[in-house]
Amino acid sequence: MEPRLENVKAVRRSKEEKKLLRKQIKASHTLLKHEGISTVSKPTKSLVVANGGLGNGVSREQLQAVLEEAGEVGSLIMHPHKPYALVTYRTEVSAQTGHVLLNGRQLQCGDQVVTLYLSFVDSVDTESGGCAALPPGLVLVEEFVSPEEEVLLLDAIDWKSHDEEVTVQKALKHRKVKHYGYEFRYDNNNVDKDKPLPGGLPPACAFVLERCVRDRHVYVVPDQLTVNQYQAGQGIPPHVDTHSAFEDPILSLSLGAKTVMDFRHPNGCSVAVVLPGRSLLVMKGESRYLWTHGITPRKFDVVPACDPESPVALTSDLSNYSNLTLSRRGTRTSLTFRKVRRTPCDCAHPSACDSRQVPAPPSPPSLPRSRTDACRLEAKFVHSVYNEIAGHFSDTRHSPWPRVRHFLTLLAPGSVVADVGSGNGKYLGVNPDAFAMGCDRSTALVQICSERGFQAFVSDALSVPLRSGVCDACISIAVIHHLSTQERRQAAIEELVRLLRPGGRALIYVWAMEQEYNKQKSKYLKETREQAPSGSYTDNHDQETKGCEATATDSHNPGQQYSGISTQCSKVHPGKDSPGKLSVHTNRTAFNSQDLLVPWHLKGEGAEGVKKGGQGSKMIRDHPADTQDPVLAPCPVFHRFYHVFQQGELEELCARIIGVTVECSYHDQGNWCVILEKTRD
Ligand SMILES: O=C(O)CCC(=O)C(=O)O
Ligand SMILES: [Fe+2]
């Protein structure tokens, strides 16, 4: 009996080990795919700890303690929201011990358990970023009021009448809001300027206002106050305070627990600002008019680890930091003081200004009649739009489409692949054995590729700066439909063919006019607004569905700020009045013309949290952007030009090109696709 038992035990152990190894390999594939981190098999001093990130709810202290079981830790890098950490031990022996000892280790993080998987990496960049610049015009004044004054101010807020109005359930879900001076109406994002509230501002606030004037933060005394009280887990969606409602600047006094406020430029650049209790935030100029501000609803913030409990204001783009930790949120009350505006806003940011949007709608563009027209149309309705929406666009693009992945994974090791129109680079890491280069017309998207560790450069799809015949394969996914004439669409395919060596293959995807094929509706049509609420993104086949969709708020939000930004056509309505003009497509409906403008509703940071939580990476799940929140985030609308392809059109275009054969063509979730082979030079 003895030996048999021993045998069973041995088999069991090795099964567990095998399972662990499988999971570890899977984790390192995920790291490569989503984070661009390559692991190596030979031992080094550095390890990537999958699932050991701040994004998994693991705190720095907790992870450090576990890692030190294996030896002395030289550096530990934990980036905000990421599902991994990077550790460098003092010696390779310690790293090897850590690799053996800690693989599969389970950590209790709040009410969830995470399992760590460790793999060696070649080296770790230990650069710790400094403080990022604040958005222009933003000033943070620490210790603006004393602890005694803080108590006095908090006592002066009368929540009683507020609490009677809201049900317990609502109060639990949302931050508490109370207005003084004038009511701020969330239905039209404006104030009733002719209906001042009785009682004005609480007298207890007078000293704050005097101090603000004394210190020249404002020149005109504010006459409106909004008090927001946030419990841990509550937030405010990203928004710009309506230009036509309030003057510049806006002052926000933070009382109680500190929080992190996120500022975001329309180009996607974001800065997280730690607001300590008793500090005054002055939003002026660009930071007041152009950048959105918001607080992501979550229970922990990621803050620099140096002194997380200190009230010192640390303003930074947290993604530059390596030395970060989690800080539990508490109750924060903010007093936002504003001056009601009596004349239309004449700020320097008309693209974001609701006062500027009353004039007649700008005329929609027509289909181009010349090469110059086409370039102009694409510059305005494709290139500049992708630059403006790059951050949000990238947030909605994570999973490679299976058939594109399949094409890439079949390539022989060492193959050279060009992804022409690589977007955020989601295909560049799919086949680690191939050498993939990305290029895109959008500088902002190329920047995102580089940040993810991919090779990418800025290039027009019609003239890629690579030698002819250098590629074994090319992909062009959701790119050619953005070209506005047939000549240019054909030229884009010719350019792919030029890059291929004889025998090389290209995979092309374009959006299909036929969104229903073989009696099957594409996901784009199937996902109704209710199924895809604002900010809820899942990534799948349909290229242009997540994010360009109209959201539930659109139709109920007459006060929504349409910026139209670069496109200037957010109020374009096609049809009878504008013959020959491009029509604006209604998202998630069938196409009724081949050449059209497709709206993209730019969302802020709130959506990001949802996306990250939904990636299966065990990230802390930020509360989904709260569509019920009374503050409606202004949602600028951009329009992108598309030529949707009819059945057979893509093949026909390929057939015009000499030295090419179409190997196969298919319909894939609302796209027409071909694989072509270059038969000769
Ligand atoms: O809580 C804060 O500091 C900001 C509040 C705010 O942005 C607003 O009420 O518009
Ligand atoms: Fe605000």
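Analyst: The protein chain comes to 15 helices and 33 strands, taking helices as DSSP runs of H or I with at least four residues and strands as E runs of at least two, both numbered from the N terminus. Bear in mind that this is a predicted model, where local features need pLDDT of at least 70 and side-chain atom pairs count only at pLDDT 80 or more, while totals for chains, interfaces and linings use all residues. Residues are numbered from 1 along each chain as its sequence is written, with chains lettered from A and ligands numbered from 1 in the order in which they are written.

Of the 681 residues, 47% count as buried, meaning that 20 or more other C-beta atoms, placed from the backbone, lie within 10 Å of the residue's own; exposed is 12 or fewer, and partly exposed is in between. Among contacts with a separation of 6 or more, 73% link residues 24 or more positions apart, a contact being two C-beta atoms, placed from the backbone, within 7 Å.

Now for the sheet. Seven strands make an open, mixed sheet, ordered β24-β23-β22-β25-β26-β33-β32; strands count as paired if DSSP finds at least two bridges between them. At the edges are β24 (456-458) and β32 (660-668), each with a single partner strand, so one side of each has no neighbour in the sheet. From one strand to the next, the twist averages 15°; axes here are lines fitted to C-alpha atoms, for helices over the stretch in contact, with angles from 0 to 180 degrees between N-to-C directions. Inside the sheet, β22 (residues 416-420) and β25 (residues 471-477) run parallel, joined by three bridges, and alanine 418 sits opposite cysteine 474 in β25.

Two helices to look at here are α11 and α12. Helix α11 packs on the sheet by touching β23 (435-440) and β24, at about 165° to the direction of β24. Helix α12 (residues 486-499) touches β22, β25, β26 (500-511), β32 and β33 (671-678), and its direction makes about 150° with that of β26.

Helix α11 (residues 443-451) also packs with helix α9 (residues 371-395), the axes being 7 Å apart at an angle of about 35°. On the α9 side the contact uses Tyr386, Asn387, Ala390 and Ser394, and on the α11 side Thr443, Ala444, Leu445 and Ile448. That makes five nonpolar, three polar and no charged residues, where Ala, Val, Leu, Ile, Met, Phe, Trp, Tyr, Cys and Pro are nonpolar, Asp, Glu, Lys and Arg charged, and the others, Gly among them, polar.

For context, another open sheet has four antiparallel strands in the order β2-β3-β1-β6. Its edges are β2 (73-77) and β6 (117-121), and each has a single partner strand, so one side of each lacks a neighbour in the sheet. Its twist averages 25° from one strand to the next. Five bridges hold β1 (residues 46-50) and β3 (residues 84-89) together in the antiparallel sense, with alanine 50 opposite tyrosine 84 in β3. Helix α2 (residues 60-67) lies across β1, β2 and β3, at about 145° to β2. Valine 73, in β2, counts as partly exposed because it has 18 C-beta neighbours inside 10 Å. Leaving out residues up to four places away in sequence, valine 73 touches Gln64, Leu67, Glu68, Val87 and Tyr89.
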